[in-house]
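Open the model in your viewer and keep the selection panel at hand. The stops below are meant to be taken in order.

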Amino acid sequence: MGVRSARLEDVDAVTSTQIRAWKCGYRDFLPPGPLEQMTGPAAEKMWRRQWDEAILSPPTPRHRVLVAVERVVPDTDAFAALGPGGILASAASRASDRVVGLASHGPAEDPDLRPSETAELLTLLVDPNHIRRGHGSRLLNATVDHLREDGYSSVVTWVFADNHPMLGFLESAGWGEDEAERVLDMGRPIRMIRLGTDIS
């Protein structure tokens, strides 16, 4: 398990993880129609293009995409004839990383913030089949490490007001509401709130 910078070959896995996380995490508070528009086949193609661009040619050196990965080792039963040592060597040589979460960040764009001092956590998602394994915390910690290296002193993020699991996770990590909010028209008003934390 670990966190690394996203690579171009991760684009499909990043897109699939986002779609699955949204479908599972947002279904309790977003209207079905808008959620389908966000996660349907046409949207998936659009997100794939956007992640491709974000990873291959980010807008600035301060924009990053990180992925949480789990090491996948093939079933060693397939190598029984090799003996114990051969099994381990063959399995290790065929091991690969599976993307199970993602985070992205960049300079804050809200007009009341200084983009030279405050960053924005744009995305923090973990595949619903891999939650509660520490991936979210590792992604958040790695994000903060990068932001400190870039000289940021604070970071904000926007969260759906009814996304209680994400709010609880961030609050447990020391984030708090800063009174900024926005309302999206998704067939009915959907409120988002901004949270922030000091990382200096």
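The tour goes from a helix to an arginine and then to a pocket.

This is a predicted model, in which local features need pLDDT of at least 70, side-chain atom pairs count only at pLDDT 80 or more, and totals for chains, interfaces and linings use all residues. Residues are numbered from 1 along each chain as its sequence is written, and side-chain values use heavy atoms, with hydrogens and water left out.

**Helix H2**

Select residues 32–39, helix H2, and colour Pro34, Leu35, Met38 and Thr39, its buried residues (buried: under 20% relative accessible area; exposed: over 50%; partly exposed: in between; 1.4 Å probe, protein chains only). These residues cover an arc of only 125° around the axis, which puts them on the same side of H2 (the arc is that of the directions from the helix axis to the C-beta atoms). Pro32 and Gln37, on the other side of H2, are exposed. Helices (H or I, at least four residues) and strands (E, at least two) are DSSP runs, numbered from the N terminus.

**Arginine 191**

Next, select arginine 191 in strand E7 (residues 189–198). Arginine 191 counts as partly exposed because its relative accessibility is 39%. Show the side chain of glutamate 181 too: the side chain of arginine 191 makes a polar contact with it, at 3.1 Å (a pair of N or O atoms within 3.5 Å; within protein, one must be able to donate a hydrogen and the other to accept it, and residues adjacent in sequence count only if both atoms are side-chain atoms). Valine 159 is 32 residues from arginine 191 in sequence, and 8.7 Å away in space, C-alpha to C-alpha.

**The largest pocket**

Finally, select Trp22, Trp51, Ser104, Leu122 and Thr123, which lie nearest the centre of the largest pocket among its 37 lining residues (on a 1 Å grid over the protein atoms alone, a pocket is an open set of points where a 1.4 Å probe fits, with protein on both sides within 12 Å along at least five of seven lines; lining residues have an atom within 4 Å of a point). E4 gives the most to this lining, with 6 residues.
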